[in-house]
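I opened a new model today and kept notes as I went. Here is what I looked up, step by step.

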Amino acid sequence: MAMAFDARDDLSDEDLLTLYGQGDVAAARVLTLRLTPLAYRVALRMLNDAAEAEDVAQEAMLRLWRQAPDWQRGTAQVSTWLYRVATNLATDRLRRRRSVGLDEIPEPADDDPGAVGRMIEHDRQQALQHALMQLPERQRTAVVLRHIEGLANPEIAEVMGVGVEAVESLIARGKRALKSALSGRREELGYGDG
């Protein structure tokens, strides 16, 4: 069943948030469909746990709804604000996990036995996710926001509350660490000669 087009679909995030702040519930629906996947993806990459990522995305959206009536137009992009909240919530969860120990958290199960290509891609994603989880939190956040979410360095700087130079340094160090962690696995992951 196809969803009907809503004129609000063409509005900016900021316009939708302003409308919601004025009581337009339909604007919230459009913004929820647009932004929840962003918060979920970044939380999933940081936490490596789908259930926790869903919780983070929901909490980030709830905070956005609470912010709507007081939103200051032009101060920040709504998506940048949401990325910042989601990364902070995910970081808080990671800190709480430390008492459990990251090595004790089970890897997510893969119940989908696909074709060989799909298995290779799955192995690559798992290897990347494992390597990402080994990075220090700030490097991981910078790398995820830049290379997985596609944010520009100034946006990442705003999300993380640091300067652009610090973002560049975090990304460079994170990429070097990822390359080092994955370098011995090129052949195993189907990239040819090691």
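The entries below go from the whole chain to single residues.

**Entry 1: ground rules**

I am working with a predicted model, where local features need pLDDT of at least 70, side-chain atom pairs count only at pLDDT 80 or more, and totals for chains, interfaces and linings use all residues. Residues are numbered from 1 along each chain as its sequence is written, and side-chain values use heavy atoms, with hydrogens and water left out.

**Entry 2: the whole chain**

The chain has eight helices and zero strands. Both are DSSP runs numbered from the N terminus: helices are H or I with at least four residues, strands are E with at least two. Along the sequence I read α-α-α-α-α-α-α-α.

Next I checked burial. Of the 194 residues in the chain, 38% are buried. Buried means under 20% relative accessible area, exposed means over 50%, and partly exposed lies in between (1.4 Å probe, protein chains only).

Then I looked up the surface. The accessible surface of the chain is about 11,200 Å², and 51% of that belongs to carbon and sulfur atoms. The areas come from the Shrake-Rupley method with a 1.4 Å probe; for residues, only the protein chains shown count as cover.

I also looked at contacts, meaning heavy atoms within 4.5 Å. I took those between residues at least 6 apart in sequence, and 62% of them join residues at least 24 apart.

**Entry 3: helix α7**

Which residues of α7 are buried? In this helix, residues 153-160, I noted N153, I156, A157, V159 and M160. Seen down the axis of α7, these buried residues fall within an arc of 165 degrees, so they line one face of the helix. The arc is that of the directions from the helix axis to the C-beta atoms. The buried residues pack against α4 (78-97), α6 (137-148) and α8 (164-182). Just after α7, I found G161 with a positive phi of about 70 degrees.

**Entry 4: pairs of helices**

Two packed helices are described by the angle between their axes and the distance between the axes. The axes are lines fitted to C-alpha atoms, for helices over the stretch in contact, and angles run from 0 to 180 degrees between N-to-C directions.

I started with α4 and α7. Their axes are 8 Å apart and the packing angle is about 50 degrees. The two are therefore oblique to each other. Angles under 35 degrees count as roughly parallel, over 145 as roughly antiparallel, 65 to 115 as roughly perpendicular, and the rest as oblique. α4 passes α7 in a right-handed crossing. A crossing is right-handed if the near helix is turned clockwise from the far one by less than a right angle, and left-handed if anticlockwise. T80, Y83, R84 and T87 of α4 make the contact with E155, E158, V159 and M160 of α7.

Next came α3 (residues 50-67) and α4. They pack at about 135 degrees, with axes 9 Å apart. That makes α3 oblique to α4. Here, too, I noted a right-handed crossing. Among the residues that meet are V56, A60 and L64 in α3 and W81, L82 and V85 in α4.

Last, I took α2 (residues 25-47) and α6. Their axes come within 10 Å and cross at roughly 135 degrees. They are therefore oblique to each other. The crossing is right-handed. V42, R45 and M46 in α2 meet R140, T141, V144, L145 and I148 in α6.

Is L64 buried or exposed? L64, in α3, is buried, with a relative accessible area of 0%. Not counting residues up to four places away in sequence, L64 touches L17, L31, L35, V78 and W81. L64 and L82 are 18 residues apart in sequence and 7.2 Å apart in space, C-alpha to C-alpha.

I then turned to R41 in α2. R41 is partly exposed, at 38% relative accessible area. Leaving aside neighbours within four places in sequence, R41 is in contact with Y83 and E149. R41 and V144 are 103 residues apart in sequence, yet 9.4 Å apart in space, C-alpha to C-alpha.

My last stop was N48, in the loop between α2 and α3. N48 has a positive phi of about 60 degrees although it is not a glycine. N48 is buried, with a relative accessible area of 16%.
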